[in-house]
Amino acid sequence: MKTDLYTIIEKIESGKRLSREDGLKLLYCQDLSLLAFMAGMIRQRWHPHHRVTYIVDRNINYTNVCTAGCAFCAFHCPPVSDMGYVLSREKLAEKIEETKALGGIQILLQGGLNPALGLEWFEDLFRWIKEEHPIHIHGLSPPEILFLSKQSGLSVEETLKRLIAAGLDSIPGGGAEILADPARKRMNAYKKASSDDWLHVMETAHGLGLLTTATMMFGAVETLEERLEHLLKIRDLQDRSIVGRGETRGRFTAFIPWVYQPAKTRLGGKKASSFEYLKMVAVSRIFLDNIPNIQASWVTQGGRISQLALHMGCNDLGSTMIEENVVAATGVKFSMSPEKMEALIRAEGFIPVRRNQAYEMMEES
Ligand code: SF4
């Protein structure tokens, strides 16, 4: 097996693309230090400056009412529940202004698939934010956009055009879970968006000029082969986004693998180990040769493991998350001030730098 992996190292050294078989070998590899070595080579190629980026922003979940009922989700409420909420404008204004006062430059706006909120509601909301409380809106993951498109009877493209005209700036990669339909069916995540649906929304968004991220929630029900399918689909779409626009970089800015949090969910089960997380981070960095940034998930892993992830190919620690509700609903709560974020980065020998959503560096500390 080691011999096989050395042929992969040779491919990496000569800048050759890894095959499906190479990807599987990496996923089955248990030698974390060898994976770290390979991921480090690629990270160094993308980011030779030894900087680690992060962003100051806030997750705002405008509603927890959701008809999708994903089996892995501890956050949502069915429409009939009296625990459901939709945030008022006053509350939203308060959260945005507090974010700005703390140096935040964007909001990550996501919520459940709430039948009471149509496309016009979001158009009004985005226009009001841009007029009254201007800030970058990184919002609505592909399942939410798909839901609005179905509800309004418009195509995904027309829906996105209207949202962009109202103020949508970029799209988060949520709702991808595992882009392999058998795994999506096992998690009850297929009906809200199939793999092709998710990819279609992203490809359309890229075509309309939006930058997006891509995520992977792993460790719930999927096989290693299904994880590889996910990586291949992301890599292929990024290729199409580059070739289609004749540019050198695609419109997926970053890949964010994170571990399924089983507590308080219908699906239950065990949480993947930190070893498994670090392995997946390294394999993502090695295999996704066209994605510039790999983000560590301190929200699910805590500070120490996310520090280790910086040595497994990650070059970004994501958001300080002034507020986070979805993972917190499973009982997993870590907090992170910009000062703490920078101290964690420095402690690993890297230089912390704040960035914006386009991963442009803003200031070195
Ligand atoms: S993950 Fe999103 S779409 Fe699925 S139940 Fe939770 S809020 Fe709804």
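At what angle do helix H3 (residues 32-46) and helix H11 (residues 274-287) pack? A few notes on that and on the rest of the chain follow.

1. Ground rules. This is a predicted model, where local features need pLDDT of at least 70 and side-chain atom pairs count only at pLDDT 80 or more, while totals for chains, interfaces and linings use all residues. Residues are numbered from 1 along each chain as its sequence is written.

2. The H3/H11 pair. The angle is about 35°, and the axes lie 8 Å apart (axes are lines fitted to C-alpha atoms, for helices over the stretch in contact, and angles run from 0 to 180 degrees between N-to-C directions). Helices here are DSSP runs of H or I with at least four residues, strands are E runs of at least two, and both are numbered from the N terminus. H3 makes a left-handed crossing with H11, meaning that the near helix is turned anticlockwise from the far one by less than a right angle (clockwise would be right-handed).

3. Who touches whom there. From H3, the contact takes in Leu-32, Leu-35, Ala-36, Met-38, Ala-39, Ile-42 and Arg-43; H11 supplies Phe-275, Leu-278, Lys-279, Ala-282, Val-283, Arg-285 and Ile-286. Contact means C-beta atoms, placed from the backbone, within 7 Å. Eleven of these residues are nonpolar, none is polar and three are charged (nonpolar: Ala, Val, Leu, Ile, Met, Phe, Trp, Tyr, Cys and Pro; charged: Asp, Glu, Lys and Arg; the others, Gly among them, polar).

4. Gly-313. Look at the loop between helix H12 (298-309) and strand E9 (316-319), where Gly-313 sits. Gly-313 counts as buried because 27 other C-beta atoms lie within 10 Å; the cut-offs are 20 or more for buried, 12 or fewer for exposed and partly exposed in between, with C-beta atoms placed from the backbone. Beyond its neighbours within four places in sequence, Gly-313 has contacts including Ala-39, Ile-42, Arg-43, Ala-282 and Arg-285.

5. Strand E1. Four of the five residues in E1 (residues 51-55) are buried, so the strand is largely enclosed by the rest of the structure. E1 runs parallel to strand E10 (residues 351-355), joined by four bridges, with Val-52 opposite Pro-352. E1 also pairs with E9, again in the parallel sense, over two bridges, and there Thr-53 has Asp-316 as its bridge partner. Pairing requires at least two DSSP bridges between the strands.

6. Cys-66. This one belongs to the loop between strand E2 (57-61) and helix H4 (89-101). Cys-66 is buried, with 24 other C-beta atoms within 10 Å. Setting aside neighbours within four places in sequence, its contacts are His-76, Cys-77, Gly-112, Leu-113 and Asn-114.

7. Two positive phi values worth a look. Glu-177, in the loop between strand E5 (170-171) and helix H8 (181-186), has phi near 45° and is buried, with 28 other C-beta atoms within 10 Å. Asn-188, in the loop between H8 and helix H9 (195-207), has phi of about 55°; Asn-188 is partly exposed, with 16 such atoms within 10 Å.

8. The whole chain. There are 13 helices and eleven strands. Buried residues account for 48% of the 365.

Definitions and conventions
Two residues are in contact if their C-beta atoms, placed from the backbone, lie within 7 Å.
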